Amino acid sequence: GEKYGDVVRMIQFGESKELCGGIHIKNTKEIELFKIKSEGSVASGIRRIEALTSINAYEWVDYKFQKLENAEELLSSINIPDSTLEKLNQIGEGLSSILEGVKINFPKLKISNEFNDNLKKLQEAMSALSEIKIPKAVLEELNHFKKELSKTGKQDNAAQIKAVKEQLLSQIKLNDGIYVIAQKIDLGDNDAITDLAFQLKGQIKNLFLVLGAEVNDKPSLTIIISEELAKEKDLHAGNIIREAAKEMKGGGGGQPFFATAGGSYIEGIEAAIEKATSFLK
């Protein structure tokens, strides 16, 4: 082992025994920082404490700082409650007292209109904070905030869907008895796009719908064809979208009347929409 390896301390029947996981030290001063990692029962009357010392302990604390910094960056655009921020600040201050000159601050955060981006950041931040064993009470507050954010996001999505649907209905085209909607839309959530597509399908007969969008910085394509139209014209949304998605350097598939695709080339969205509509000719 190494000189500054893990230190294990066992307490048995009231007697204290110290065991060194590495090379024995000449003086306890060499242990320097002592950081307990875990404590628990290993047998009746026997408990086990595992800890890090010296360099390893400093590295562990620094690792926790890195996780806190990552969380700070992820939360930088989300309006986290002040009470939760204060608790995170207290955790940062406690760690900063261990390593001189190192401090972690969680400033008051600004809200963003990008619901899905905020939710993703919040989930990643909560994962990082869980890994370094942030108190359960703080995580519960963040989880409550996540639920509120999700509720707000659904309300925002509903309003956005309504606005986009009104815009699409005003631009619908009639082609040989087929109602065609083929547009790139400003809706950055796949579930919301699917909801919108099925709303339009339920509202319009003989519909051929192609929607392109940017979702999480990637291209997305959705196609819906009325069942009667798919049968009459021998159209298959899954087959159409597989060909159209090539314009976005991606792929997809689905049923005769509903299909989705993704890709890696955002600039190809318009070409993908045009490719999909070419199957009507």
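Glu243 is partly exposed, with a relative accessible area of 33%; partly exposed means between buried (under 20% relative accessible area) and exposed (over 50%), using a 1.4 Å probe and protein chains only. Its salt-bridge partner is Lys246, with 3.3 Å between the closest N and O atoms. A salt bridge here is a side-chain nitrogen of Lys or Arg within 4 Å of a carboxyl oxygen of Asp or Glu. Lys246 counts as exposed, at 53% relative accessibility.

A word on where these values come from: this is a predicted model, in which local features need pLDDT of at least 70 and side-chain atom pairs count only at pLDDT 80 or more, while totals for chains, interfaces and linings use all residues. Residues are numbered from 1 along each chain as its sequence is written, and side-chain values use heavy atoms, leaving out hydrogens and water.

By this rule, the count comes to 3 salt bridges. Here they are side by side.

| Pair | Closest N to O distance |
|---|---|
| Lys184 and Glu214 | 3.2 Å |
| Lys246 and Glu243 | 3.3 Å |

Lys184 lies in strand E6 and Glu214 in strand E7, so this pair ties together parts that are 30 residues apart in sequence. Lys184 is partly exposed at 35% relative accessible area, and Glu214 is partly exposed at 37%. The pair of Glu227 in helix H6 (residues 227-232) and Lys201 in helix H5 (residues 190-203) also links distant parts of the chain, 26 residues apart. Glu227 is partly exposed, at 32%, whereas Lys201 is buried, at 18%.

Now for the wider picture. The protein has 8 helices and 10 strands, which are DSSP runs numbered from the N terminus (helices are H or I with at least four residues, strands E with at least two). Buried residues make up 38% of its 281 residues.

Which strands build the open sheet, and in what order? The 6 strands follow the order E5-E6-E7-E8-E10-E9, with mixed pairing; two strands pair if DSSP finds at least two bridges between them. At the edges sit E5 (173-175) and E9 (251-254), each pairing on one side only. E5 and E6 (residues 178-184) run antiparallel and are joined by 3 bridges.

Helix H8 (residues 269-277) packs on the sheet and touches E6, E7 and E8, its direction making about 165° with that of E7. Contact means heavy atoms within 4.5 Å, and angles run from 0 to 180 degrees between N-to-C directions of axes fitted to C-alpha atoms, for helices over the stretch in contact.
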